[in-house]
Amino acid sequence: MIPVTTFKGRRVALFGLGGSGLATAEALVAGGAKVTAWDDNPDSVAKAAAAGIATADLRHVEWNAFAAFVLSPGVPLTHPKPHWTVDLAHQAGVEIIGDIELFVRERRAHAPECPFIAITGTNGKSTTTALIAHILKTSGRDTQLGGNIGRAVLTLDPPMAGRFYVVECSSYQIDLAPTLDPTAGILLNLTPDHLDRHGTMQHYADIKERLVAGSGTAVVGVDDSFSSLVADRVQRAGTRVVRISRRHVLADGIYAEGSSLMRAEGGSSARFADLSGIQTLRGGHNAQNAAAAVAACLAVGVDEQDIVNGLESFPGLKHRMQPIAKRGEIVFVNDSKATNADAAAPALSSYERIYWIAGGLPKEGGIASLTPFFPAIVKAYLIGEAAPAFAATLGEAVPYEISGTLEKAVAHAAADAARDRQGPGAVMLSPACASFDQYKNFEMRGDAFVGHVAALEGVTMLI
């Protein structure tokens, strides 16, 4: 745990007592803050009270007494409308922050020199975060991994000299971290997502920009127009910028050229690493993730050979283009983390004959953007609420069935793949949808997929 000492002796209001919220409340108390916590869920309030956290309905407290209001990132700050606690905090002039902001204040107070890498982007941030942490760990560094991936940030070990932090940040978390100041900050890409919580694409981009704007070194993907403009603005403001690309040759920065990662300086470039034999970094999207990891690790002083060794030994990220089993030449791929169409595109672009399991709770835009990948799809197996809409988009371009459940989809896809005589196929769960209509989260959906595959006859599990 990281005790939050920066609010020692002061009163702090907190709303949201889920896993990270409760951890935040406990960290504040451990640091000496006087916490008053609440949640709309009575069970969460009871759990916090049982853990020794003072609770009270924040509708009936003296807001002027609070030094800060700590809000869970899952609670609306601005859109579709501010949560009622946000209105009360604004009326009292109380600053609204989140757990990432508490972390950065503790780091500045106790070990500002300890390296801190923060990662954001619409897609690819979890793989990039895991890859960076892997490179640091395999190079022998004390590495703490958390934030929007794995452990809540305040459950990590306290900041100290020589300890490296790798923290994935969602747009919600950045919105609650006004003084975010990583040693190296990464913005991978920007495509429409979470607009129900941010209102417009520009507002969403502005929030993401804050992470790199406050960085010592800003690593920015320049393959989309929003991110490219961010790189230009941040550089004009005086921040050191390292551009990365999977599509363009760069005069300065790190870019992909086929399976090679190229490092360019002053118009001259040289191959930094070869990704061709690394199955866990397959596809152009992973070339971008690897480029970002290389740039960030160089920025915090990691030796080039240590970085290459880390790339080559990366085990991959669970639920993200994860080969989980084989049956003969058929590979089963768990890409459950692909919760929108853009996130599903990398997996669909990486295999030639796909038996595609898709669907769940639909997101804006559906799967129309995936049309270029339809020729690689032998058949689609549609599940969840999105099934009828996906069927309409597939139309006559791709054979499909509405399987309804994931269990049926796996069984039918595996059977069809076994009858395929035109080449080895991939049975792939890459849903292009949120999981919330049938599963609590994408992890549970991915684990269910693994379970259904494991129940098939003749499969060899790879995990």
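Start by selecting residues 284-299, helix α10, and residues 304-312, helix α11: their axes come within 10 Å and cross at roughly 150 degrees. Angles over 145 degrees count as roughly antiparallel, and α10 and α11 are therefore roughly antiparallel to each other. The crossing of this pair is right-handed. Now show side chains for the residues that make the contact: A290, V294, C297 and L298 on α10, with E304, I307 and L311 on α11. Sorted by class, the contact of α10 with α11 has six nonpolar residues, one charged and no polar ones.

Before the next stop, zoom out. What you have on screen is a predicted model, and the protein has 15 helices and 20 strands. Its C-alpha atoms fill a box of roughly 70 × 55 × 40 Å along the principal axes. For 463 residues, a compact globule would have a radius of gyration near 23 Å, and the protein agrees, because it has 23 Å.

Next, colour the open sheet of nine strands. Reading across, the order is β6-β7-β5-β8-β9-β10-β11-β12-β13, and the pairing is mixed. Which strands sit at the edges? Select 142-147 for β6 and 268-274 for β13, each of which pairs on one side only.

Strand β12, residues 260-265, pairs with β13 in the antiparallel sense over six bridges. Pick L261 and you'll find A273 of β13 opposite; pick R263 and its bridge partner in β13 is A270. The two strands make a hairpin with two residues between them, and G266 in the turn has a positive phi of about 60 degrees.

Click G253 here, and its bridge partner in β12 is A264. β11 and β12 also form a hairpin with two residues between them, where G258 in the turn has a positive phi of about 65 degrees.

Last stop: the helices lying across the sheet. Select residues 125-138 for helix α5, which lies across β5 (116-120), β6, β7 (163-168) and β8 (184-187), and runs at about 170 degrees to β7. Then select 201-213 for helix α8: this one lies across β5, β8 and β9 (217-221), at about 150 degrees to β8.

Definitions and conventions. Residues are numbered from 1 along each chain as its sequence is written. This is a predicted model: local features need pLDDT of at least 70, side-chain atom pairs count only at pLDDT 80 or more; totals for chains, interfaces and linings use all residues. Side-chain values use heavy atoms; hydrogens and water are left out. Two strands pair if DSSP finds at least two bridges between them. Helices (H or I, at least four residues) and strands (E, at least two) are DSSP runs, numbered from the N terminus. Contact means heavy atoms within 4.5 Å. Axes are lines fitted to C-alpha atoms, for helices over the stretch in contact, and angles run from 0 to 180 degrees between N-to-C directions. Angles under 35 degrees count as roughly parallel, over 145 as roughly antiparallel, 65 to 115 as roughly perpendicular and the rest as oblique. A crossing is left-handed if the near helix is turned anticlockwise from the far one by less than a right angle, and right-handed if clockwise. Ala, Val, Leu, Ile, Met, Phe, Trp, Tyr, Cys and Pro count as nonpolar, Asp, Glu, Lys and Arg as charged, and the others, Gly among them, as polar. The radius of gyration is taken over C-alpha atoms; the globule rule is 2.2 Å times the number of residues to the power 0.38.
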